[in-house]
Amino acid sequence: MSIGGVTREALYDEVWADPVTVVAGRYGLSDVGLAKICRKLAIPLPTRGYWAMVKAGRIMKKTALPKLKNSRIETLPLTRLAPDVVEARTEAKVKATSLRKTVREIPVPGELLDPHPLIKATAKRLKQRDDWADPKGLRSAPSEVLNLQVTRGALDRALRITDVLIKALEVQGVEIRVDGAAKATYLIMNETSVSFMVTEHVARSRHEATPAEIKAKERYWNRTRWDSSPSFPSIPDYDYTPTGLLTISAGHWHGRNWRDTAKTSLENRLGEVVAGLFALAEEIRAKQEDERRREEERRRALERYEFLKDRLEQEQKRFKKLEEEAVNLERAMRLRIYADAVEQRAMTCVDGMTKELDDWLAWTRAKADWLDPLIRVSDPILDAPEPKKPGYYWG
């Protein structure tokens, strides 16, 4: 059984010759994704510590490849990537690892110094006093500036962290783009778009009505039927308290989050963030390539299906026509035999051949020729279009 040109036995040999992480890279998969495929095909994998023992010089025994109970397992798309693609991905991972150490050495200043133009525009927009109706007190304008969703108290810190981060990313060739239509900020990393945002966690607690709110509600219920001045008091269900804890989020599906923790703040995790962003971009690109590959395989399979279906229909039509022609030939031969028999009988009779009989024989043999698939003639009556019935108002 083959999987996109790779046999089950060949895949078994690969995962026992190299670690799953190495083999997965050859096919543009994660180690988890390849492990799922192996489980589906009942391909055993080396146990934890196997490769450490092999590296130490021990000769390890391979687990035998079991036979499949059902040999007609549905084939899965598994195509080996070109060597240059595998090499590029490996270099991207190495680069992401080295970036972590480099960016850790970039300090986050205590105040915003020489901010990036995008940071300038974001600061100007989010520091406006009015036009903030969010019940949590968050300020955000993703259709205009960088996608930050923070309260006024955490805004300066979020701007400083984001400023250092996007400057470090731009040094690595990353483009930062604000998409007004999508109301999102994207990082363009190696031609792969990764959504980006910074948010603040706002704690939520059940709101307890204040004495003033209770009195306002009482005034509303105690109003007279002619007094319409008091309006129903709008009392919130929850209270929101800013925490100052920030989160950097990237990607939608299969995304990543980096948060302030009790032990480490985001200022000390920027190297991890940058490395993680490049790793995430590579994962997104690999997933997109895999989806394109699957879609192409599906398109080819659909084309193959349509070709086979059309070929079957055409063959059925040809065969049906063949049967009809064979039947018509047999019918034509019967008509000719019958016409010959009538003619022979007429020759032995006293009356002999008459003009009416002669016309009938010509008509019968003409119909036989019309039925005969080996003689291409048309009939002026039978091949003519069906007559149309006249309408109610005729003439």
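User: How many of the 20 residues of α7 are buried?

Analyst: This is a predicted model. In it, helix α7 is mostly covered. Of its 20 residues, the buried ones number 14.

User: What span should α7 have, and how far apart are its end C-alpha atoms?

Analyst: Helix α7 covers residues 152–171. At 1.5 Å a residue, its 20 residues should span 28 Å. The expected span agrees with the distance between the end C-alpha atoms, which is 29 Å.

User: Which residue just after α7 takes a positive phi?

Analyst: The phi in question is about 85°. It belongs to a residue just after α7, namely G173.

User: Is D260 buried or exposed?

Analyst: D260 sits in the loop between β8 (256–259) and α9 (270–348). Buried means under 20% relative accessible area. D260 has 12% relative accessibility, so it counts as buried.

User: Which side chain makes a polar contact with the side chain of D260?

Analyst: A polar atom of the D260 side chain lies 2.7 Å from a backbone nitrogen, that of L266. Contacts of D260 beyond four places in sequence include G244, L245 and S265. The side-chain to side-chain polar contact, at 2.8 Å, is with R157.

User: Which exposed residues does the face of α8 turned away from its buried side carry?

Analyst: Helix α8 runs over residues 211–221, and its buried residues are E213, A216 and Y220. These cover an arc of only 60° around the axis, so they lie on the same side of α8. The face turned away from that buried side carries the exposed P211, K215, R219 and W221.

Methods. Residues are numbered from 1 along each chain as its sequence is written. This is a predicted model: local features need pLDDT of at least 70, side-chain atom pairs count only at pLDDT 80 or more; totals for chains, interfaces and linings use all residues. Side-chain values use heavy atoms; hydrogens and water are left out. Buried means under 20% relative accessible area, exposed over 50%, partly exposed in between (1.4 Å probe, protein chains only). Helices (H or I, at least four residues) and strands (E, at least two) are DSSP runs, numbered from the N terminus. The arc is that of the directions from the helix axis to the C-beta atoms. The expected span of a helix is 1.5 Å times one less than its number of residues. A polar contact is a pair of N or O atoms within 3.5 Å; within protein, one must be able to donate a hydrogen and the other to accept it, and residues adjacent in sequence count only if both atoms are side-chain atoms. Contact means heavy atoms within 4.5 Å.
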